Amino acid sequence: MIAVVGHPDLTAPTLKMVEEELRRRLAEFTRAGKAGLVRAGQGLPVAFGRAARAAGLALVTVLPTKNGVPDVLESSDRRAAGELLLLSSQVRLMEYDPADRGACVGADEDLMRSCARVLAVWDGSPSDGRDATAHLVAFARSSGVDVEVLWPDGASRRG
C-alpha cells in the first residue's frame with residue numbers, strides 16, 4: 001500500500017500541481033500491483049484519489065466509525081468523502097473521531113503501519129497545533145516506512 005500525508009492548507013494551484021505529480025508517480029505502483037490508501041477528507045486526499053484513479057491504481061478510502069457505525073464527517077469533508085468513495089475500489093472503516101485532531105493523527109499513524117511507502121506533500125516545516133505533517137513523516141521513517149517527499153517548484157500554502 002501507498003499512503004499520502006501532507007499539509008491541509010495547500011492552495012488550489014498547488015493541489016493541481018501535486019495531483020499531476022502524484023499521477024506520474026502512482027503509475028509506477030500500478031504496474032507493481034500496489035494500492036493507494038487515504039483517510040477521507042478534503043484537499044490532498046481528493047487530489048490523491050483522483051491521481052490514483054487516473055493512474056489506474058486501486059484506491060482504499062478510510063472512513064471514521066463510532067462504536068462500529070460510520071461517523072459523520074465535518075461538513076467541509078463530506079463532499080470530498082463522497083468523491084473518494086466513488087473513486088475507491090474498497091472502503092475501510094476505522095474507529096476514530098474525525099473532529100479530534102489527535103485521533104486523526106493516531107488514525108494516520110495506524111494507516112502508515114500497513115504501508116510500504118508514504119508520499120508526503122511537505123514543505124519541510126515543523127508540525128504545529130493544526131498541521132501534523134512533520135510528525136507523520138518522522139513517524140513513518142521511524143517505523144521503517146519509505147517516505148518520499150513531494151514539494152513541487154512553485155507550491156504554496158494558504159496564508
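**Exercise 1.** Identify which residues touch the most other members of the largest nonpolar core.

Solution. A nonpolar core is a set of buried Ala, Val, Leu, Ile, Met, Phe, Trp, Tyr and Cys residues joined through side-chain atoms within 4.5 Å, where buried means under 20% relative accessible area with a 1.4 Å probe, protein chains only. The largest such core has 28 residues, and those that touch the most other members are Leu 22, Leu 26, Leu 44, Phe 48, Leu 59, Leu 119 and Val 121. At least two residues each come from β1, α1, α2, β3 (58-66), α3 (75-87) and β6, and α2 gives the most, with seven residues.

The model is predicted, so local features need pLDDT of at least 70 and side-chain atom pairs count only at pLDDT 80 or more, whereas totals for chains, interfaces and linings use all residues. Residues are numbered from 1 along each chain as its sequence is written, and side-chain values use heavy atoms, with hydrogens and water left out.

**Exercise 2.** Describe how helix α1 packs against helix α2.

Solution. Begin with the geometry: α1 (residues 12-31) and α2 (residues 44-55) pack at an angle of about 45 degrees, and their axes are 8 Å apart. Next, list the contact (heavy atoms within 4.5 Å), to which α1 contributes residues including Leu 15, Leu 22 and Thr 30, and α2 residues including Leu 44, Phe 48 and Arg 50.

How values were computed:
Axes fitted to C-alpha atoms, helices over the stretch in contact; angles between N-to-C directions. Helix = DSSP H or I, 4+ residues; strand = E, 2+ residues; numbered from the N terminus. Buried < 20%, exposed > 50% of the residue type's maximum accessible area, 1.4 Å probe, protein only.
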